[in-house]
Amino acid sequence: MTDTEAERRAHAVARLKQQRDYYQHVVVFVLFNGFLIGIWALTGAGFFWPVFPLGAWGVGLIIHTWDTFSPNSPSERRIRREMDRMT
């Protein structure tokens, strides 16, 4: 299976854009949640209520991490195994 140079370049550009979007997500997560923690600290530091947005948004960030850094295409071994299973 060979890819043309243009297909490989398009795939590389798409991966780089996906990684840039991920890092932007991380920066926004840190800044926004840092802001919420700052509000919590300035208002008496009682019950740590920022845990709720941190937890919910953290789940989304974990999913985004998986989507960004997991292999996008199955390995040749997995493709062969599935082909063998289908016959």
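Select Asp 21 and Arg 20: the two form a salt bridge, with their closest N and O atoms 3.4 Å apart (a side-chain nitrogen of Lys or Arg within 4 Å of a carboxyl oxygen of Asp or Glu). The model is predicted, local features need pLDDT of at least 70, side-chain atom pairs count only at pLDDT 80 or more, and totals for chains, interfaces and linings use all residues. Residues are numbered from 1 along each chain as its sequence is written, and side-chain values use heavy atoms, without hydrogens and water.

Lys 17 and Asp 21 lie four residues apart in helix α1, which means a separation of about one helical turn (helices are DSSP runs of H or I, at least four residues, numbered from the N terminus). Arg 20 is partly exposed at 45% relative accessible area (buried is under 20%, exposed over 50%, partly exposed in between, with a 1.4 Å probe and protein chains only).

Next, select Glu 82 and Arg 85 in helix α3 (residues 76-86). Their salt bridge has its closest N and O atoms 2.5 Å apart. Glu 82 is partly exposed at 35%, whereas Arg 85 is exposed at 58%.

Finally, display α1 and α2. Their axes are 10 Å apart and the packing angle is about 165° (axes are lines fitted to C-alpha atoms, for helices over the stretch in contact, and angles run from 0 to 180 degrees between N-to-C directions). The pair is therefore roughly antiparallel (an angle over 145 degrees). In the loop between these helices, select Trp 49, which is partly exposed at 32%.

Methods:
Helices (H or I, at least four residues) and strands (E, at least two) are DSSP runs, numbered from the N terminus. Angles under 35 degrees count as roughly parallel, over 145 as roughly antiparallel, 65 to 115 as roughly perpendicular and the rest as oblique.
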